[in-house]
Amino acid sequence: MAETVALSDGHTMPTLGLGVAMNEECAETCKVALQNGYRMIDGARYYENEVQVGVGVGKSGVKREDIFITSKVFHDDFTYDGTTAALKDSIANLGYCKYSLLEVGRHVLPPTGLSWTARRAGMIRSVGVSNYSENHIEEIREAGLEMPVVNQVELHPFCQQKPIVEYCRKNNIIVQAYSPLLRGALDNPVIQELSTKYSKDPAQILIRWSLQRGFVPLPKSSQPERIISNGQAFGWSIELADMAKLDALDRGKEGAVTWNPVDVD
Ligand SMILES: NC(=O)c1ccc[n+]([C@@H]2O[C@H](COP(=O)([O-])OP(=O)(O)OC[C@H]3O[C@@H](n4cnc5c(N)ncnc54)[C@H](OP(=O)(O)O)[C@@H]3O)[C@@H](O)[C@H]2O)c1
């Protein structure tokens with residue numbers, strides 16, 4: 001699981017991360033993940049578990065500098081003072097000196113100048129966005145700000161976000177895939193068929209699809225055995241014809257399983 005992807009700001013990011021949303025007691029989860037090869041944790045201040053992430057990192061025995069940790073600023077904090085206070089609070093919660101990536105959630109645009117100010121102050125290393133459409137990112141460009149290095153959106157075979165993915169590719173923005181496991185609804189016949197064919201569980205099929213499509217999946221699990229198996233998505237591949245079967249599941253916006261606010265103005 002040592003694979004990484006290059007970001008446009010010169011840093012690198014692991015190609016798979018552990019999601020910790022809706023997992024308040026995630027210290028053990030983070031520890032297990034890190035001890036089993038994960039090097040990225042996708043957190044957020046509003047998940048209300050940043051202290052737990054810091055504890056898990058500490059207990060894992062993995063050096064902090066080898067771990068990529070994301071936090072997110074929510075729209076409630078979109079003022080200069082609000083963003084600064086939120087970041088300081090996040091860093092204090094985590095117990096380490098800085099975050100690897102800060103993602104700016106959508107609603108007030110263009111907010112990201114605040115984040116780049118924070119980067120200059122050494123509080124974060126890279127700046128990304130979450131749930132941004134092409135138009136939202138273009139507002140960043142039009143404001144004369146640096147482009148984000150990552151856009152995190154809901155992304156799985158049922159909701160492939162083709163317009164934003166194509167836009168991100170053209171602009172050298174890496175796409176992180178949230179809810180890559182359909183929030184656990186894995187009973188689709190195509191996924192089940194491929195699970196049997198490859199002797200992999202359905203979650204591994206979805207994670208492998210995401211990796212082969214060049215996304216950075218962020219599967220969440222609070223169960224150690226699942227965290228380990230979800231990480232076993234490397235060293236094997238899905239054949240092109242089977243990738244096409246998964247591609248054919250796309251239902252556009254109708255296929256979303258979360259709030260997917262990418263297209264909201
Ligand atoms: N930026 C945003 O707006 C946003 C929105 C949503 C999510 N995210 C990020 O993306 C991460 C993942 O998304 P998500 O939590 O919505 O959904 P997800 O990763 O698609 O699915 C998580 C669900 O799948 C289950 N699961 C995990 N591994 C499994 C396996 N091997 N077999 C069967 N079921 C399995 C989990 O249950 P157990 O825990 O019981 O294993 C949980 O119920 C979040 O944690 C968060 O970091 C970001």
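**Entry 1: second largest pocket**

I began with helix α6 (residues 162-170), which gives the largest share of the lining of the second largest pocket, three residues. I note at once that this is a predicted model. For the volume of this second largest pocket I have about 190 Å³. I listed its lining as S133, E134, C159, Q161, K162, P163, I164, D250, G252, K253, V262 and D263, and sorting these by class gave me four nonpolar, three polar and five charged residues.

**Entry 2: largest pocket**

I then turned to the largest pocket, whose volume comes to about 780 Å³. Its lining is made up of 35 residues, of which A21, M22, S179, R183 and K220 lie closest to the centre of the pocket. I looked up which elements give two or more residues to this lining and found α8 and α9 (224-230), with α9 giving the most, three residues. By class, I recorded 15 nonpolar, 13 polar and seven charged residues in the lining of the largest pocket.

**Entry 3: helices α7 and α8**

Helix α7 (residues 189-198) packs against helix α8 (residues 202-212) at an angle of about 95°, and their axes are 8 Å apart. I count an angle of 65 to 115 degrees as roughly perpendicular, and α7 and α8 are therefore roughly perpendicular to each other. On the α7 side I noted I191, Q192, L194, S195 and Y198, which meet P202, I205 and L206 in α8. The residues of this contact of α7 with α8 are six nonpolar and two polar, with no charged residue among them.

Definitions and conventions
Residues numbered from 1 in each chain as written. Predicted model: local features only at pLDDT ≥ 70, side-chain atom pairs only at ≥ 80, totals over all residues. Heavy atoms only, no water. Axes fitted to C-alpha atoms, helices over the stretch in contact; angles between N-to-C directions. Helix = DSSP H or I, 4+ residues; strand = E, 2+ residues; numbered from the N terminus. Parallel < 35°, antiparallel > 145°, perpendicular 65-115°, else oblique. Contact = heavy atoms within 4.5 Å. Nonpolar A, V, L, I, M, F, W, Y, C, P; charged D, E, K, R; others polar. 1 Å grid on protein atoms, 1.4 Å probe; cavity = no way out; pocket = protein on both sides within 12 Å on 5 of 7 lines; lining within 4 Å. Points joined across faces, edges and corners; volume = space filled by probe spheres on them.
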